[in-house]
Amino acid sequence: MFNAYESDLSTLEPQFTQTTTPTGKVNFYSMTLEDLKGFLKGRGKEQFRAQQIFKWVYDERVTDVESMSNLSKAFRAELPEIMSFDLPPVLKHLKSVDGTQKFLFDMKEGNSVEAVLIPSEDRLTLCLSSEVGCNMACKFCFTGKQKLKRRLTTEEIVGQFMQVHDRLGEGQRISNIVFMGMGEPLDNPEAVFKSIEVLQNPFGMMLSRRKITVSTSGLVPQIKLVANARVRLAVSLNGSNDDIRSKVMPINKKYPLKELLEACKEFCDQTKDKITFEYVLLKGVTDQLEHAREVVRLLKHVPSKINIIPFNEHPGSGFERPSDEQIEKFHTELIRLGAHVLLRRTMGRDIFAACGQLTTVTDRPETMDISNSKIGSTNERHFSSGQLSL
Ligand code: SAH
Ligand code: SF4
């Protein structure tokens, strides 16, 4: 299953693929600019029309074809017959006391996914989902409790972005995107990398590739796709040796640390970029000082930053969040050893929008009161670095 995309996606040349709706129309958001050119060419239209339509939709946010004044009257009449501009409906929109916002999207047939908008001083980061559920089954992850139901399509990924974009306040702009929501992005590379092509396009949302990060649990063969797409890479390490990592992340049995780190080194050589390693602190499992030393030894030859994430608790996980004191000790030890380290401030806990809390399962309250939570309040003091500072 993990190698399924290896051969056909080793180079992600623009290709003309499209998703048709039940009405037989193609969904506009499923297409890169090149796809749209191909689509129009197949219907005898000039290719520059593709740029015009991209600009209307992404730049002007006009999807009423009748208002696209630089298209001919005949074309305006024809376009709605062959193309739809449907976006995944927003089922819920929750706002955290800390400014984080969570969006729940209807992905049809009882499926839903979440996206999280995280403000910080200098950026507005959108965390996108790539799959409904996830087959990687990491033991500490709420999403991993649900098996993969479905990989999202390009228009469903671009659609999350556009829906959030359309709800921003005056003067706000999403500056960064991270594939750190539900699912394993490298288990759905076709739609993930196509949506990146759409969102970075100068006639699209003009996001810089440097502001796009794909986070993986370590699907080694697909890591080169991240390098080819010239976007940034985050790797969920979460274990300082094969023994611990295999216990908390079953994917490690297939791609152990040696292979993973070799692929990481290749990534850095090819891109001259650093990798962010995410490291979840699980009480008694990954939070000991010897683990910190092991992590530093492991990453010695990989240009990297370490992002430590205190475990976000969820019912029945069997793991606990370490004490603030232990978190601080671990942090300090990494710094003492010369690592470039960030302690991720936990955001959106009250609306279950924090890492590993995303799910489609609805058997939990929508919000929780964290006003008296020791962890919530002390975090605000200790965790000065912004979340998702990649
Ligand atoms: N599937 C990808 C991206 C989504 S998970 C991946 O695994 O990298 C995003 C991040 O959330 C990962 O680094 C993961 O280790 C972390 N995470 C998952 N569950 C968590 C939890 N309960 N508490 C804290 N971080 C968690
Ligand atoms: Fe999937 Fe990432 Fe959760 Fe692991 S941590 S189960 S890869 S979403």
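This is a predicted model: local features need pLDDT of at least 70, side-chain atom pairs count only at pLDDT 80 or more; totals for chains, interfaces and linings use all residues.
Let's start with ligand 1.

Which residues are closest to ligand 1? They are Gly183, Ser215, Ser236, Asn238 and Asn312. In total, 21 residues surround this ligand. By type, that shell divides into nine nonpolar, 10 polar and two charged residues.

Asn238 uses its side chain. There, an N or O atom is 2.9 Å from an oxygen atom of ligand 1.

How much of ligand 1 does the protein cover? On its own, the ligand has 530 Å² of accessible area, and the protein covers 95% of that. The space that ligand 1 takes is the largest cavity. Two elements give two or more residues to the shell: β10, residues 212-216, and β12, residues 275-281.

On to ligand 2. Where does it sit? Ligand 2 sits in the largest cavity. Around ligand 2 we find Cys134, Met136, Ala137, Cys138, Cys141, Gly144, Gly183, Glu184 and Ser217. Those residues split into five nonpolar, three polar and one charged. Look at Gly183 again: this residue is among the closest to ligand 1, and Gly183 is also around ligand 2.

Last topic: aromatic rings. A pair of rings is described by the distance of the centres and the angle of the planes. This structure holds nine aromatic pairs. One of them joins Phe28 and Phe85. Why is this pair called tilted? The ring centres are 5.4 Å apart and the planes are at 35°, so the pair counts as tilted. This pair links distant parts of the chain, 57 residues apart. Phe28 is in the loop between β1 (26-27) and α1 (33-41). Phe85 is in the loop between β2 (83-84) and β3 (90-95).

Technical notes: Residues are numbered from 1 along each chain as its sequence is written. Chains are lettered from A and ligands numbered from 1 in the order in which they are written. Side-chain values use heavy atoms; hydrogens and water are left out. A residue is near a molecule or strand if one of its heavy atoms lies within 4 Å of it. A polar contact is a pair of N or O atoms within 3.5 Å; within protein, one must be able to donate a hydrogen and the other to accept it, and residues adjacent in sequence count only if both atoms are side-chain atoms. Accessible areas come from the Shrake-Rupley method with a 1.4 Å probe; for residues, only the protein chains shown count as cover. On a 1 Å grid over the protein atoms alone, a cavity is a set of points where a 1.4 Å probe fits but cannot get out, and a pocket is an open set with protein on both sides within 12 Å along at least five of seven lines; lining residues have an atom within 4 Å of a point. A molecule sits in a cavity or pocket if more than half of its atoms lie within 2 Å of its grid points. Helices (H or I, at least four residues) and strands (E, at least two) are DSSP runs, numbered from the N terminus. Ala, Val, Leu, Ile, Met, Phe, Trp, Tyr, Cys and Pro count as nonpolar, Asp, Glu, Lys and Arg as charged, and the others, Gly among them, as polar. Rings of Phe, Tyr and Trp (its six-membered ring) pair if their centres lie within 6.5 Å; planes under 30 degrees apart count as stacked, over 60 as edge-to-face and the rest as tilted.
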